[in-house]
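Hi everyone, thanks for coming. Have a look at the model on the screen while I walk you through a few spots in it.

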Amino acid sequence: MMYYSRLKLASVVAVCFLGVLLCLPNALRQPAPTVPWRQIHLGLDLRGGSYLLMQVDMNSVTADRLRTLADGTRQALLGAGLGYRDVATDAHAGTVTFTPRSPSETEADLKALRAMPMAVPNEFAVAQRPDGSIAVTLSPEAMRLRATDAVTQSIEIVRRRIDATGAVDPEITRQGDDRIVVELPGISDPERVKHLLGTTAKMTFHMVQDSALGSAVPGPGVSLLPMMNAPDQKLPVADHVDVDGSDLTNASAAIDQQTGEWAVNFTFDSIGARAFAATTQANVGRRFAIVLDNKVVQAPVIRSAISGGNGQISGGFNAQSATDLALLLRAGALPAPLSVIEQRTIGPSLGADSIRAGMISLGIGFALVIVFMALFYGRFGWYANVALLANLVLMVAILSLFQATLTLPGMAGMLLTLGMAVDANILINERIREEIARGRTPLAAMQAGFERATSTILDSNATALLAHIMLFAFGTGPVQNFALTIMIGIVTTLFTTLLLSRMLMVRWYARTRPTVLPV
């Protein structure tokens, strides 16, 4: 217990030396971009930045699914050679209703609709109403599942979009059933980010119904959509999606070699390329609308089949707008629109004040602990202070190694960890005092003191570790940062208390062989 081999001694010293090396990047400037340089990143409350609280439009999720279901209903009936009249959707009731072409086709209609594929089991039910109409009703369980998936998917797409802007250490978390919290350290002007996040970027390709041009009521299965660059001008566009933008694999901003204007080039995957080729081959001479968030970007005439799976979007873009659109298409479309319901901006000066206040509190707390240990436990108190300093260094080193984000709760966790480490050292020193009072020799007192204190220290730190693991698993944001700092501190406390401080005492005893312990 009180013997340290050379290997064990070298291992403890090497860990402490490695901790110092890992801490250095936080105090020095990176010498070259190619040199690995891991630092602690400051959170929103320390660095300053922007805070956005966004809400997913759940009504849009339901309405979008009803539109898809209505289009699927038409396709299923037409594919079975059946007719229909008066197709309507009711978002509040979650139903698509229509009237059969004739009463004799009712059973065939029901059979065709019940054979439609479902995204989830029992997603909808098909039934005939007393007035003879047929209703396709979405189940509440399926809509709740779709709403949950919409929020989860929105978080992932928001993360992709923000990562593409180059933001460092963004914090994206879910709040409640339909809200997303976005924290952007270092970004004081969030307007571009708001624009990127607030754009649904749902791109689809539809055929233009030229026969309905100039008509105020285009007919069933056709919608009047405004042109993006000329909102007053509207085109009759088929509701049926011929090619879905979700099949895109890449998009990039480029300059059109023919016109010299900015454009966005895009590429489909194999599924999208086949659909794009089949649609263009079957509709040569017709107009093909590129629709982005229910606005027509372009409606070019198909001159020939396009089989390469590549295309281009042009129309009044500048460098920034083309780059942003390409970013949005690469990241994927949001399943529903996001609206900003709360926005806060924390200035860099406030963050600097927080850092200064945190460092002052940490320094004062550390100094008081050092004075206390030195006054009450003498030489062994100073050894505890050395272990305490090593504990702080190792905490910073581990946070730097994983490039963790430090917030004010994290700094509070570091200060609390130092207090917990002091408790462990006090427990050891008091145990040694008790053994001396019982008349044991110095070596036996040190041996018994460490043996009896170790189990207590391990038990108390194990229970604290479990509690903070739960905080980290179920908490969010600041709570997670606080819990993470404490968990790291518990590990470093066990190392510095049970190995480093003991090593210092043992080496001193082996060198001096005292008859009385200075504790």
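Let me start with a question: which residue's backbone oxygen lies 2.8 Å from a polar atom of the side chain of T497? The residue is T493. Before I go on, please keep in mind that this is a predicted model.

So where does T497 sit? You'll find T497 in helix 12, which covers residues 478–512. T497 counts as buried because its relative accessibility is 0%. Leaving aside residues up to four places away in sequence, T497 touches A421, A424, N425, I428, F450, I457 and R502.

Now, the cysteines. Searching the whole structure turns up 0 disulfides. C16 is in no disulfide, and its nearest cysteine sulfur, that of C23, is 11 Å away. C23 is in no disulfide either. Both cysteines are buried: C16 because its relative accessibility is 19%, and C23 because its relative accessible area is 16%.

Last stop, the second largest pocket. Its volume is about 420 Å³. The second largest pocket has 18 lining residues, and N26, I40, M359, V396 and L406 are the ones nearest its centre. Which elements supply at least two residues each to that lining? They are helix 1 (6–23), strand 1 (41–42), helix 9 (348–401) and helix 10 (408–437). Helix 9 gives the most, with 5 residues.

Terms used:
Residues are numbered from 1 along each chain as its sequence is written. This is a predicted model: local features need pLDDT of at least 70, side-chain atom pairs count only at pLDDT 80 or more; totals for chains, interfaces and linings use all residues. Side-chain values use heavy atoms; hydrogens and water are left out. Helices (H or I, at least four residues) and strands (E, at least two) are DSSP runs, numbered from the N terminus. Buried means under 20% relative accessible area, exposed over 50%, partly exposed in between (1.4 Å probe, protein chains only). A polar contact is a pair of N or O atoms within 3.5 Å; within protein, one must be able to donate a hydrogen and the other to accept it, and residues adjacent in sequence count only if both atoms are side-chain atoms. Contact means heavy atoms within 4.5 Å. A disulfide is a pair of cysteine sulfur atoms within 2.5 Å. On a 1 Å grid over the protein atoms alone, a cavity is a set of points where a 1.4 Å probe fits but cannot get out, and a pocket is an open set with protein on both sides within 12 Å along at least five of seven lines; lining residues have an atom within 4 Å of a point. Grid points are joined across faces, edges and corners, and a volume is the space filled by probe spheres set on the points.
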